[in-house]
Amino acid sequence: MSGLDINGLSMRFDLPNGSSVQALKDVSISLKPGELMSVLGPSGCGKTTLLNIVAGFLAPTEGKIELNGHLVTGPDAERGMVFQKGALFEWMSVRENVDFGPRMKGMPKAERDKIADHLLEVVGLQDFKEKAVYELSGGMQQRVALARCLANEPDIILMDEPLGALDALTREKMQGLVLKLWKETGKTIILITHSVEEALLLGERLLVMAPRPGRIHKEYRLPFAERGVNADLRDVKKSEGFAETRDEILSMIWEMEEEIMGRTEEVA
Amino acid sequence: MTVLLFYLALFIGAFVLVKVIRGGMTSQKDFTSLKTVTFGDESAVRPDRAASIISVVVIFVIWGAFTGSKLIPIHVPAPFTGETQFTYTVEAEDGQRDDATIFVRVAPFGEKAEKFEVEPGEGLASNDAVAMTASRSATILFDKNDELKRKSGARVVAINGQEISADGSVDTGDGSVSLSGKGAILFTPSLGMQMNPIWLPAPEKVVERFFEIADEGYQNFTLWEHLGWSLIRVVVGFVLGSIVGIPLGYAMGLSGWFRGWFDPIVEFMRPVPPLALIPLVIIWFGIWETGKIFLLFLAALWIMTIAARAGVSGVNISKIHAAYSLGASKAQIMRHVIVPNSLPEIFTGARVAMGVCWGTVVAAELVAAQKGAGMMIIAASKFQLTDIVIMGIVLIGIIGYGIDILMRKAENWLVPWKGRS
């Protein structure tokens, strides 16, 4: 079967003092090729752990993940990763960062250059090819990270709060770029975020996770990502159903947070 | 003490003077000049280049002033040299008195005092002549040629007409006169405040000596051989230390077995100063090149090992994960991620290691060597050739500073991303 299959995934961390933390409990998700899923949840709900297991950096204590019918056992070029920050290679130029994957595979230079040129144009950095990455702004660096991931032609892209370190304005622009890339490349994408609005805008499917133990709380199927492909994201935010869904999810997460932190009313 | 007061006075004087001169001028127009809070704002404190220049000049002025340098117009009082004289009055037991003159010649530092004769003159006491070198004193047995002998109860009662007691002294203007326990005359020419060249030669003497040694060499080797050998030892020791230390550091950063095995060794050896190993190295390897290079190898080894280990440990795990997700193999990650990522740390270590090696080689040469910068100054010190010692110290300082500048330049060129991720 094609697509991503997460089946009965559980993850328990054993701590040195003998106790253990159930980071994930019985998580099952199925993603069809080309689907865009955002994952939302309060801190400690295991979203990053989930992504690291899918990427192959962690082995689950129970359950299994299959991609296009074969079992995931470790990191692989078929599953690309975009990190929040700090994952670019400072000793390489923008171009060398982007063509890192093809270069490691031994692709000839002419071909690599074509891929890098094309992708840098897609993300709007064609004039920065030979610049050092540390000379770029945070938003530009994340665009390099996206291009680097795409250059490798992965089957699925895993994004771990890719826009979390950006300012609000840059973030909005980048959200549009992510949607554009999703539509143009048709990639399967899992995007982790802790911004409810971002999750709504960038999630064809939206997964709300609950903490202790990390589990799926609720799943939505949303029309906003599809709307956002061809429209201004600000209009999407004003469109039908957006505000209601946002409020519903916000109060849902608010309740979870209160359960963890204690109710604010009691403090007052 | 006097030097310190001088220095303080020049420091304050220059500060006030520069303030006054600058008072009329508008200062630089930049962002910092618009800051109203500068006290406590480290970024607003920039080195005043005028102060740096004056500071260096002041050091040479004080050096020159206290050594009677010809390059400096003003000096502190020099010790008395040249000719002077004073009269003494001698009294016999029966109260008879007579005067006679003592002629003194004081030769400058480093010159030999030559004896000379004077007319004895008339009377019971005869004139005497004495020669000495600056900053020494001389005992004058005035009665050797006198009729009135100390043995027969004669004693000196006055100098230049001034009464003198057994424990007192009389200032003649060019020195002071006192009486020894046995009644002989003791003349000490005034010392002034300048340094004896054996303690500190004038700057131009050091420069002269530099050109002389650059021309003729010292202790069977040219100056360039001395300095060159020190440098070669440092470079060879450092390179060997890096060749072993960097891979060892990588291994310690990547493998638990390596880290566990070498941790106690590295952690134990790191705080042992290389200088403390010199005696052992001499016992093992003798005083020839092997021993020195082995010592420098050890000095560089631990520093480079720790730097490489820190470089590997310091890699952001996101970078490693990203590289795996882009399909890189372990060897490719080593080559394209771990090694370049550790370069800034390795360069920091290399700068420290070069500094330590340079200090260690000089110390090792002080202990035992046939050639080298350290050997040059220790050999010179044995002959009290202070100018060579100072010249050597200045050259050692310049070379050490030069090494650090070169390392920093190399760092900027090879790892421009340092501190910018």
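The structure is a predicted model, in which local features need pLDDT of at least 70 and side-chain atom pairs count only at pLDDT 80 or more, while totals for chains, interfaces and linings use all residues. Residues are numbered from 1 along each chain as its sequence is written, and chains are lettered from A and ligands numbered from 1 in the order in which they are written. Helices (H or I, at least four residues) and strands (E, at least two) are DSSP runs, numbered from the N terminus.

**Contact between chains A and B**

- The contact draws 21 residues from chain A and 16 residues from chain B, where two residues are in contact if their C-beta atoms, placed from the backbone, lie within 7 Å.
- On the side of chain B that touches chain A, helix H8 (317–325) and helix H9 (330–367) of chain B each supply at least two residues, and the largest share of that side, six residues, comes from H8(B).
- Sorted by class, this side of chain B has seven nonpolar, seven polar and two charged residues; Ala, Val, Leu, Ile, Met, Phe, Trp, Tyr, Cys and Pro count as nonpolar, Asp, Glu, Lys and Arg as charged, and the others, Gly among them, as polar.

**Domains of chain B**

- Chain B is divided into domain 1 (2–65), domain 2 (82–189) and domain 3 (204–414), with bounds that come from an automatic or database domain assignment.
- Between domain 1 of chain B and domain 2 of chain B, the C-alpha centres lie 53 Å apart.

**Helix packing in chain B**

- Helix H10 (residues 373–382) of chain B packs against helix H11 (residues 386–414) of chain B at an angle of about 160°, with their axes 8 Å apart; axes are lines fitted to C-alpha atoms, for helices over the stretch in contact, and angles run from 0 to 180 degrees between N-to-C directions.
- H10(B) and H11(B) are therefore roughly antiparallel to each other, given that angles under 35 degrees count as roughly parallel, over 145 as roughly antiparallel, 65 to 115 as roughly perpendicular and the rest as oblique.
- H10(B) passes H11(B) in a left-handed crossing, a term used if the near helix is turned anticlockwise from the far one by less than a right angle, with right-handed used if clockwise.
- Where these helices meet, H10(B) contributes residues including B:Met376, B:Ile377 and B:Ala380, and H11(B) contributes residues including B:Ile388, B:Val389 and B:Gly392; by class, the contact of H10(B) with H11(B) has nine nonpolar, two polar and no charged residues.
- Helix H4 (residues 223–254) of chain B and helix H5 (residues 256–269) of chain B pack at an angle of about 120°, with their axes 6 Å apart, and H4(B) and H5(B) are therefore oblique to each other.
- The crossing of H4(B) and H5(B) is left-handed, and in it B:Leu248, B:Ala251 and B:Met252 of H4(B) meet B:Phe258, B:Arg259 and B:Phe262 of H5(B); by class, this contact has five nonpolar, no polar and one charged residues.

**Individual residues of chain A**

- A:Met256 lies in helix H10 (residues 242–261) of chain A and counts as buried, with 21 C-beta neighbours inside 10 Å; a residue is buried if 20 or more other C-beta atoms lie within 10 Å of its own, exposed if 12 or fewer, and partly exposed in between, with C-beta atoms placed from the backbone.
- Leaving aside neighbours within four places in sequence, A:Met256 is in contact with A:Pro42, A:Ala210 and A:Pro211.
- A:Asp5, in strand S1 (residues 4–14) of chain A, is partly exposed, with 18 other C-beta atoms within 10 Å.
- Not counting residues up to four places away in sequence, A:Asp5 touches A:Ser30, A:Ile65 and A:Glu66, and the C-alpha atoms of A:Asp5 and A:Ser28, 23 residues apart along the chain, are separated by 7.6 Å.

**Asparagines in loops**

- A:Asn68, in the loop between strand S4 (62–67) and strand S5 (70–71) of chain A, has a phi near 50°, a positive value in a residue other than glycine.
- B:Asn160, in the loop between strand S5 (155–159) and strand S6 (162–163) of chain B, has a phi near 50°, also positive in a residue other than glycine.
- B:Asn316 is found in the loop between helix H7 (289–313) and H8 of chain B and is partly exposed, with 16 other C-beta atoms within 10 Å.
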